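Please examine the sequence and the structure before reading each solution.

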Amino acid sequence: MLLAQLWSDFIQLAFPNTCGGCKSALLADEDMVCTSCRLNFPLTHFHQMPANNPMFDKFKGRLPIVHASAFMHFSDDGIVQSLAHEVKYKGACELGVQLGRWYGYHLSATDIGHRFDCLVPVPLHRERQKRRGYNQSACFARGISEITGIPLREDLVFRSKATLSQVRMEREQRVANTADAFRLFADASTQNLKILIVDDVVTTGATIEACAAPLIKGGCETIGVLALANV
Ligand SMILES: [Zn+2]
């Protein structure tokens, strides 16, 4: 395991243009992800049944939700875990943007652009964003916005509480950890807005729910959720 990690880090150093999914060296005409990984993306197709899928069920009854979809299925091994990790920890914002563009093409085949007013990436606490240099969900949302034309809004909600990492938490702990973690900016209004919240990996949905709370309190009409991957 450790050796495999060392080898993969070595490959990254020696060949910086490696695939974000499988780490193999990219060909000249490949951009960030190799053709083989792209052809094997474990797509969910949830956007074709946005109110009737396992991700929607996570939020049903908890939010005024009308759409939930994820680009890919997440699993602890394989290319999606690797892509999500690259985007989150390896400074690969541009990979996040590119994944957002690819998802944007799928979404553009639906009426989603007419059903929502804006994309709101789940914000990071400013300390964490400063350390990371970017918000991975905002990178993904930027790519989606570019292709679908749905405007990106990062001026509505912010993260007021620096929550702990949730990787090893159960659902109850996650809810307590994220409660009251988000707030509207002082001059922001969400009155009558139809908002798509954008996240990277959706596990229990507790973060989305917490992020939606102030948006709903501010009077937004409907909520949708878009994610890079659904666990
Ligand atoms: Zn690959």
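Residues are numbered from 1 along each chain as its sequence is written.

**Exercise 1.** Determine how the radius of gyration of the protein relates to that of a compact globule.

*Solution.* Step one is the rule: the radius is taken over C-alpha atoms, and a globule is assigned 2.2 Å times the number of residues to the power 0.38. Step two applies the rule: because the protein has 231 residues, a value near 17 Å is predicted for a compact globule, and the protein's 17 Å agrees.

**Exercise 2.** Describe the division of the protein into domains and the contact between them.

*Solution.* Next, the centres of the two domains, taken over C-alpha atoms, are 26 Å apart. The contact (C-beta atoms, placed from the backbone, within 7 Å) takes 7 residues from domain 1 and 7 residues from domain 2.

**Exercise 3.** Characterise helix H10 by its span, its burial and its covering elements.

*Solution.* Begin with the element itself: helices (H or I, at least four residues) and strands (E, at least two) are DSSP runs numbered from the N terminus, and the protein has 10 helices and 6 strands. Helix H10 covers residues 206–217, 12 residues in total, and reaches 17 Å from its first C-alpha to its last. This is close to the 16 Å expected at 1.5 Å a residue, the expectation being 1.5 Å times one less than the number of residues.

Now consider burial: a residue is buried if 20 or more other C-beta atoms, placed from the backbone, lie within 10 Å of its own, exposed if 12 or fewer, and partly exposed in between. By this rule 9 of the 12 residues of H10 are buried, among them Ala206, Ile208, Glu209 and Leu215. For the protein, 42% of the 231 residues count as buried.

Finally, identify the cover: it includes helix H9 (171–178) and strands E3 (157–159), E4 (182–184), E5 (194–202) and E6 (222–230). H10 is followed by glycine 219, whose phi is positive, near 100°.

Conventions
Predicted model: local features only at pLDDT ≥ 70, side-chain atom pairs only at ≥ 80, totals over all residues. Contact = placed C-beta atoms within 7 Å. Domains from an automatic or database assignment.
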